[in-house]
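Here are some notes on the aromatic residues and the core, for use alongside the model.

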Amino acid sequence: MINFQKHFLILVITAIFFTPPPTSANEGLPLSPPGYEEYKKGEDYDYGRGVAQNASKAVIYYRRAAKLGSAKAEHALGLKHRNGEGIKLDLITSYMWFYLADTNPNGHGNRNMLIFAGKGLTPQQIEEAKKLAASWRKQFPLPKNALAWKTNNKLIGAVLDNYLKYRLTHCLS
């Protein structure tokens, strides 16, 4: 147990001394993606975690998160429209949401889901969906600091990497 406490103390000290202080460029930037809280609330309603399961309420929260730029919420809305869960089944709107999620820099892109969503749609319908997506993004642009949470998480990841390197070289030899 003492070994664990020693290593934990080293991790904390490393985090304190080797994490760059906030600068005007990254001060107060989020550690989680945009719309994270709304997306999680939508998931709670979607899966019935702590609340009664309600697909319609899940769609409401996913839509709020999507307005803030959440790629996960855009993906979830694509599924909801594709399956007609909590909202009217609409393949064109489904493709729009998958297209937004795929092109959102906050997400990881899911080209396979986009291809799946395009099955059964004509090229004209796909173009219509892309126009709807452009209209959505124009109405609800991504926040200026949309990728800041990734930057902050990379800093935290760098501290953990340094700790693991230290532990591998000094503690296990």
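1. Buried means under 20% relative accessible area, exposed over 50% and partly exposed in between, with a 1.4 Å probe and protein chains only. This is a predicted model: local features need pLDDT of at least 70 and side-chain atom pairs count only at pLDDT 80 or more, while totals for chains, interfaces and linings use all residues. Residues are numbered from 1 along each chain as its sequence is written, and side-chain values use heavy atoms, with hydrogens and water left out.

2. Tyr99 counts as partly exposed because its relative accessibility is 24%; Tyr95, at 7%, counts as buried. Both lie in helix α5, four residues apart, about one turn of the helix (helices are DSSP runs of H or I, at least four residues, numbered from the N terminus).

3. The whole structure holds five aromatic pairs (rings of Phe, Tyr and Trp, the last by its six-membered ring, with centres within 6.5 Å; planes under 30 degrees apart count as stacked, over 60 as edge-to-face, the rest as tilted). Tyr95 and Tyr99 form a stacked one, at 6.5 Å centre to centre and 15° between the planes.

4. Trp97 and Trp136 have ring centres 4.8 Å apart and planes at 70°, so this pair is edge-to-face. It links distant parts of the chain, with Trp97 in helix α5 and Trp136 in helix α7, 39 residues apart. Trp97 is buried at 1% relative accessibility, and Trp136 is buried at 6%. Together with Phe140 they form one aromatic cluster.

5. Glu43, in helix α2, counts as buried at 11% relative accessibility. Its contacts (heavy atoms within 4.5 Å) are Gly48, Arg49 and Tyr62, not counting residues up to four places away in sequence.

Definitions and conventions:
Helices (H or I, at least four residues) and strands (E, at least two) are DSSP runs, numbered from the N terminus.
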